[in-house]
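Biologist: I am new to this structure and would like to go through its side-chain contacts. Could we look at it together?

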Amino acid sequence: AEDGEGGESVLGELREGDFFGELAVVTKQPRGATVRALVDCELLAIRRQLIVEMIQEEASVLTVLLRFLRERLVRNLMQTSPLFAPFLKEQRRELIRRFGFLEVEQGTALLRQGEHSTALFVVLAGVLSVDRIEDNGETRDLATLGSGDVFGEMSLLAQAEAVATVRADTKCLLLELPRDVFRETIMTHPHVLAFVGDLASERERQIAAVAGGEEQYEELHLDLF
């Protein structure tokens, strides 16, 4: 992937049995990375139109595909995120099963300012916007979220109302850890509580700085590759 400075960073390597392109097919979004052959390769290719036809003929195809994607992406998240790194292998497997897979259409509000968050959300694909209504009634655009970004943790941790609204600008795929599961997790795993607590403190400082025009708003970002 492009590293923002004109160069490239290696996100990973694919080997026999691995596949790629599935998120772009399901979401109809441009890919966020380039896949390049390092040696001579033989591949099987299933074109987007064929998958669309399969889904139209048998709805269960999409259900199976989405379930498989959820399990694989959550597993990658568990392996790369500092939030879940200290979990033992069996604990990770149990937590993976408790993440839900959410598909939302453009315009859907996942989190509303003044309301409590229903879950911890991780963006898999798509684009979301973050905005906040200030005391003077004006709406302030805070950020744009994409793949790997996380939101909802401040409201969950403090059991408080959300300070901003997060809305899907495109069709989006997300992972969600329900509120009750999140609370159970932080109560039984102190390192998660400490991690999210530090994050919430930083978020409060950041929002104050954004309001003063001192810096840009940023959500927690996790590497999904």
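**Cysteines and salt bridges**

Biologist: How exposed is Cys172?
Modeller: This is a predicted model, and in it Cys172 is buried, with a relative accessible area of 0%.

Biologist: And Cys41, what is its relative accessible area?
Modeller: For Cys41 the value is 47%, so this residue is partly exposed.

Biologist: How many disulfides are there?
Modeller: The count is zero; a disulfide would need a pair of cysteine sulfur atoms within 2.5 Å.

Biologist: Changing topic, how many salt bridges does the structure hold?
Modeller: There are four salt bridges. One of them joins the side chains of Arg36 and Glu8, at 3.9 Å from N to O. Arg36 lies in the loop between helix H1 (22–27) and helix H2 (48–57), and Glu8 in the segment before H1, so the pair ties together parts that are 28 residues apart in sequence.

Biologist: Are Arg36 and Glu8 buried or exposed?
Modeller: Both Arg36 and Glu8 are exposed.

Biologist: Which residue forms a salt bridge with Arg15?
Modeller: The partner of Arg15 is Glu13, with the closest N and O atoms 3.0 Å apart. Arg15 counts as exposed, at 60% relative accessibility.

Biologist: What does Glu103 meet in a salt bridge?
Modeller: Its side chain meets that of Lys171, at 2.7 Å from N to O. Because Glu103 lies in strand S1 (residues 100–104) and Lys171 in the loop between strand S7 (165–168) and strand S8 (172–178), the pair ties together parts that are 68 residues apart in sequence.

Biologist: How accessible are these two, Glu103 and Lys171?
Modeller: Glu103 is partly exposed at 31% relative accessibility, and Lys171 is partly exposed at 27%.

Terms used. Residues numbered from 1 in each chain as written. Predicted model: local features only at pLDDT ≥ 70, side-chain atom pairs only at ≥ 80, totals over all residues. Heavy atoms only, no water. Buried < 20%, exposed > 50% of the residue type's maximum accessible area, 1.4 Å probe, protein only. Helix = DSSP H or I, 4+ residues; strand = E, 2+ residues; numbered from the N terminus.
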